[in-house]
Amino acid sequence: MALNFGSDKKHALDAKYDAQKIAFAPVMFQAAMALRNLGILDLVKDSKAGITIEEVAEKLKLPVYGVKVLLEAGLSLEVVMAEDNKFYLTKTGWFILCDELTKVNMNFTQDVNYLGMFSLAESVKTGKPTGLKVFGDWATIYEGLSQLPAHVKKSWFAFDHFYSDYAFPEILPVVFRNHPKHIMDVGGNTGKFAIQCAEYDPGVKITILDLPGQLVMAEKNIKEAGFSERIDLYSIDLLDHSNPFPRGADIIWMSQFLDCFSQDDILALLNCSAEAMHENSALYILETYWDQQKYKASTYSLHAISLYFTNIANGCSQMYHTDDMRNLIAKSDLVLDEEIPDVGVSHTLFICKKK
Ligand SMILES: C[S@@+](CC[C@H](N)C(=O)[O-])C[C@H]1O[C@@H](n2cnc3c(N)ncnc32)[C@H](O)[C@@H]1O
């Protein structure tokens, strides 16, 4: 029976090569980590006239054997290239070594995801974040965030903040164009957005809603920034939809938040927002949608990040497609009033009003 490959025009030899990249991906990922973390890539980068395996081994006080297998793997990874037995850094190698986005993503994969991902298929079958048990006995990662091992916590926060750090300064003029007096930051985490709002407008008040563990971290940061008078904290489990949101904010802000919830929970959270809104309030949803990306690198990353939600974070959420969110908004007590694409690295802002 003839197979149907749809519109796939890939040559069979390329397809087979790509299949081997997948077959050895975890092994080759560890090779890239070792090349980076042992300082080998750094040394190759700084050796403008190229460097031999023996020279690398001697300078870094590593066995020649280990350096040899890593640098040879680096050839297939295309992070280094070789001429006359001398190794040079490639452009991909430069990104592994120097690009902040790549560093943040690699550390997140290694520290947060790597060990747990072995049970991904089990998570798919059960709808539970089975990989999370590597770190603790929690129903979601958010319950345990403040208790994660230091290096895991560092990589998680660096990952989370990297994306929002670019988006926040860019979007503040939009947030403040109607001069809101009170903003409610749902899932406000360590208080980064709230602090930036307080710095941006000396008149605004902010309320952060989050789990108690995150609010402890937020309280410390807010105190240090000197904004305890204008930023208050509201401890709430947002998975318990019988808990109403505090009422009356001019803007309800949800940044990189709804991707932490299943579609059923998102619908309930949208309706909780509508319930708490007055006639002139708006709900601002800042998300990274995989269909809105200009570059293959972003779409690829977002598809991978979805699997972190499946296996580690909660077992039921993902980086969504804009149609997923549009459909949920259409079913809710809200209407989508405005869409602002291309915010920060890869975000889209949806502004919703009450129906
Ligand atoms: C991915 S972080 C986003 C942080 C921040 N808004 C940003 O843009 O960087 C999601 C936040 O939602 C919070 N969150 C997740 N589940 C929650 C729940 N059930 N109740 C309250 N907050 C929750 C987490 O604690 C975390 O601070």
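Here are a few friendly notes on this predicted model, taken point by point.

1. Let's start with the overall layout. The protein chain is assigned two domains, with domain 1 covering 12-98 and domain 2 covering 102-354. Their C-alpha centres are 36 Å apart. Where they meet, domain 1 and domain 2 contribute four residues each to the contact. On the domain 1 side, α2 (25-37) and α6 (91-98) each provide at least two of the touching residues. That side of domain 1 consists of four nonpolar residues, with no polar and no charged ones.

2. Next, the sheet. Seven strands make up an open sheet with mixed pairing, in the order β5-β4-β3-β6-β7-β9-β8. At the edges sit β5 (231-235) and β8 (334-343), each pairing on one side only. From one strand to the next, the twist averages 20°.

3. β6 (residues 251-255) runs parallel to β7 (residues 282-287), and five bridges join them. Within this pairing, W253 has Y284 of β7 as its bridge partner. Helix α11 (residues 192-200) packs on the sheet, where it touches β3 (182-186), β4 (205-210), β5 and β6. The direction of α11 makes about 180° with that of β4.

4. Finally, the ligand, which may be the part you open in your viewer. There are 18 residues around the ligand, and those that come nearest are S164, G187, N189, L238 and S255. What classes of residue make up the shell around the ligand? The shell has eight nonpolar, seven polar and three charged residues.

Note on methods:
Residues are numbered from 1 along each chain as its sequence is written. This is a predicted model: local features need pLDDT of at least 70, side-chain atom pairs count only at pLDDT 80 or more; totals for chains, interfaces and linings use all residues. Domain bounds come from an automatic or database domain assignment. Two residues are in contact if their C-beta atoms, placed from the backbone, lie within 7 Å. Helices (H or I, at least four residues) and strands (E, at least two) are DSSP runs, numbered from the N terminus. Ala, Val, Leu, Ile, Met, Phe, Trp, Tyr, Cys and Pro count as nonpolar, Asp, Glu, Lys and Arg as charged, and the others, Gly among them, as polar. A residue is near a molecule or strand if its C-beta atom, placed from the backbone, lies within 6 Å of it. Two strands pair if DSSP finds at least two bridges between them. Axes are lines fitted to C-alpha atoms, for helices over the stretch in contact, and angles run from 0 to 180 degrees between N-to-C directions.
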